[in-house]
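Subject: Handover of a structural model

Dear colleague,

Please find below the structure that I am passing on to you. My findings follow it.

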Amino acid sequence: MDGKPYLEALAVSKSYANVAALQDVTITVRPGEVVCLLGDNGAGKSTLIQVLSGVVQPDTGTMRIAGADVRFASPNDALDKGIATVFQDLAVVPIMPVYRNFFLGREPTIGWGPFKRFDSRRAIATAEEALRDLGVSAGAVRRPIGTLSGGQRQSVAVARAVHFGARILILDEPTSALGVKQSEMVLDYVRKAKERGIGVVLITHNVQHAYPIGDTFVVLFLGRQLGTFKKTDLSETQLMKLMAGKVDGIPGIPAVA
Amino acid sequence: MSASLTSPAGGQDGSRPSLSLRTFLMRPEFTAVVGTIVVFAFFAIFTGSAGFLTVAMTRNYLEVAAEIGIIAAPITLLLVAGEFDLSVGSMVAASEVIISYLTVDAGWSLPAALGAAVVAAAAVGTINGYLVVRTKLPSFIITLAMLFIVRGAAQGVLRMLTGTSTIDGVREAVGAAPSALLFSSTVGPLSISVVWWIAITLLAAWVLDGRVFGNWIYATGGNQAAAVRTGIPVNRVKILLYVAVAVSTTLVAVLDLYAINQGSANAATGREFEVVTAAVIGGALLTGGYGSPIGTLFGALLFGMVDQGFFFTPLPDVWFMTFLGLMLLLAVFINNYTRMQALKPRGRS
């Protein structure tokens, strides 16, 4: 985890119609590190995700992958560079079976020329394998993904990103619509991804979810960065206060208005 | 069919779908297959002695079904992709006008005239698709406009060229062209249109469920935002399907030309609704993401049987439309219900 950062966004800013959505924000993610991005509504989380995932380009600032300057032309470009984002809508088709969703846009084929076809046998086997640890039974991969629980759907979307070689996973509020048990399942899976050396950016406004799993915490408030903290430097209570913009008594931050 | 085929608890969690009665009921084809059996039994029992079971009658309703089914198969794929095409009837007429004028009045060979009609149809299909994906307007409106434009053009151009709205004698004009065998011969007691119908249905079913392109069709209609997010070229999918639909109308046109030996600018009026009826009875959803070419085949077969069999019932045939409407409504209710059941959450945690 103490390796070199894989993804870096250095002093990035983004304005919309002269309103600064993001000002001089810096975030770095190492392999196997879970970076929690916290902030209340309107703090600039969504804008930062869009910058990291290649949906928008920052007005100023530098993006780096493995130390080299890059510019993401599109989300697919970011994906090619190992940055996979699971947005809240999950990019799944509810009525399609789980295994077809798993390979959406990247279908395995078998056969040759005009007889090339979707290799459903391999797709089913691979999906079953990848989803085994997620409480998705082997038979369930043939059912419409809409019949799975919210936590399972979220986990399938994350597993899909991992399967297709994500180095950095950006998870946008993965637990916001889930109950306690379901959230636990998703966070458990994030832990497994971390153990496999994948860097994770976890966006949330739920400190109880973030604190146990995070290594580093980036707190945004009204488009500015209140700071980047190691878990050892910060208690859960302090993190709660930070999210509300209360910086008094937090180490390393001058008390400014 | 014993009730023990499926246990109330869901048994193996659907891991053996081939044995589950529930899975069978959830198939999109279910309504159309059962409906076809019921309607066939009905006509066979009550009008069988009047002639419903004769070979001639069978040939008749299969031919009606084939002319609907050949277009309804690609229409099903288009519906699954979430779009609609109301211009197919007028495209049949336009193709008839082009082929019959070029062969009878301009002396072209059948392959050349057919080629010209295919190019024209593909152009209209491309325009349909391009307008739909560029304007993002409902395809209902775009293709309704195209219905009027193409129908009017077929009538207008033919009136300009010949002063009439029909051209007779295509068979005589093309003579015994070898290519005619493809469109005018018979297979046993059946006309060749039935072979085309089944072949095109199987092709559509294979594309939808066997090819990668089929996965893209499902995704485009099932959740376009997700399809775009995962890199599926949704615009290309839609335009290609519009072209496929358009080309299928040319095939129906040439089959029709041989069957009745006349090209008409008024041909296939209302065909656009017949093909959608077949597809919807066959399990397709107008909201996209779901449908089955095999189901549509049975939907077309059902349509053909009712269309021809109704004549034998004691009811005056003016009631045919009402009967058809009620049947469509019933099919939609059943399909909607089974789909809701299929999408009910069954996850345990």
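Chain A contains 8 helices and 12 strands. Please bear in mind throughout that this is a predicted model.

Chain A: confidence and overall form

The mean pLDDT of chain A is 87, and 95% of its residues score at least 70. Among the elements of chain A, helix H3 (residues 98–102) has the highest mean pLDDT, 94, while helix H8 (residues 236–243) has the lowest, 83.

Taken along the principal axes, the C-alpha atoms of chain A fill a box of roughly 65 × 40 × 35 Å. Of the 257 residues of chain A, 49% count as buried. Among contacts in chain A between residues at least 6 apart in sequence, 66% join residues at least 24 apart.

Chain A: two residues with positive phi

Most residues other than glycine have a negative phi. Ala91(A) has a phi near 50°, a positive value in a residue other than glycine. Ala91(A) sits in the loop between strand S6 (83–86) and H3 of chain A. Is Ala91(A) buried or exposed? With 22 other C-beta atoms within 10 Å, Ala91(A) reaches the cut-off of 20 and is therefore buried.

Leu222(A) is not a glycine either, yet its phi is positive, at about 50°. Leu222(A) belongs to the loop between strand S11 (216–221) and strand S12 (224–230) of chain A. Because 14 other C-beta atoms lie within 10 Å, Leu222(A) is partly exposed.

Chain B: overall form

The secondary structure of chain B comes to 15 helices and 4 strands. For 349 residues, a compact globule would have a radius of gyration near 20 Å, so the 21 Å of chain B agrees. The C-alpha atoms of chain B fill a box of roughly 70 × 55 × 35 Å along the principal axes. Of the 349 residues of chain B, 48% count as buried. Of the contacts in chain B with a separation of 6 or more, 79% are between residues 24 or more positions apart.

Chain B: annotated spans and helix H2

An unreviewed UniProt entry places the feature "transmembrane region" at several spans of chain B, among them residues 30–54, 139–161 and 239–261. In the model, residues 139–161 of chain B are 100% helix and 0% strand, and the end C-alpha atoms of this span lie 32 Å apart. Residues 239–261 of chain B are 96% helix and 0% strand, with end C-alpha atoms 33 Å apart.

How far apart are the end C-alpha atoms of helix H2 (residues 30–47) of chain B? They are 25 Å apart; at 1.5 Å a residue, the 18 residues of this helix should span 26 Å, so the two values agree. The buried residues of H2(B) are Thr31(B), Ala32(B), Val33(B), Gly35(B), Thr36(B) and Phe43(B). Helix H13 (271–281), helix H14 (293–309) and helix H15 (320–342) of chain B are included in what covers these buried residues.

Chain B: Asp256(B)

Asp256(B) lies in helix H12 (residues 234–260) of chain B. Asp256(B) counts as buried because it has 25 C-beta neighbours inside 10 Å. Which residues are in contact with Asp256(B), leaving aside its neighbours within four places in sequence? They are Glu67(B), Glu96(B) and Ala267(B). From Asp256(B) to Gly152(B), the separation is 104 residues in sequence and 20 Å in space, C-alpha to C-alpha.

The interface between the chains

In the interface, 29 residues of chain B are in contact with 30 residues of chain A. On the side of chain B that touches chain A, helix H10 (212–222) and helix H11 (224–229) of chain B each supply at least two residues. The largest share of that side, 6 residues, comes from H10(B). The residues of the side of chain B that touches chain A divide into 11 nonpolar, 13 polar and 5 charged.

With kind regards

Terms used. Residues numbered from 1 in each chain as written. Chains lettered and ligands numbered in written order. Predicted model: local features only at pLDDT ≥ 70, side-chain atom pairs only at ≥ 80, totals over all residues. Contact = placed C-beta atoms within 7 Å. Nonpolar A, V, L, I, M, F, W, Y, C, P; charged D, E, K, R; others polar. pLDDT = per-residue confidence, 0-100. Buried ≥ 20, exposed ≤ 12 C-beta atoms within 10 Å, placed from the backbone. Expected span 1.5 Å × (residues − 1). UniProt positions renumbered as here; feature names shortened; annotations may be inferred. Rg over C-alpha atoms; globule rule 2.2 N^0.38 Å.
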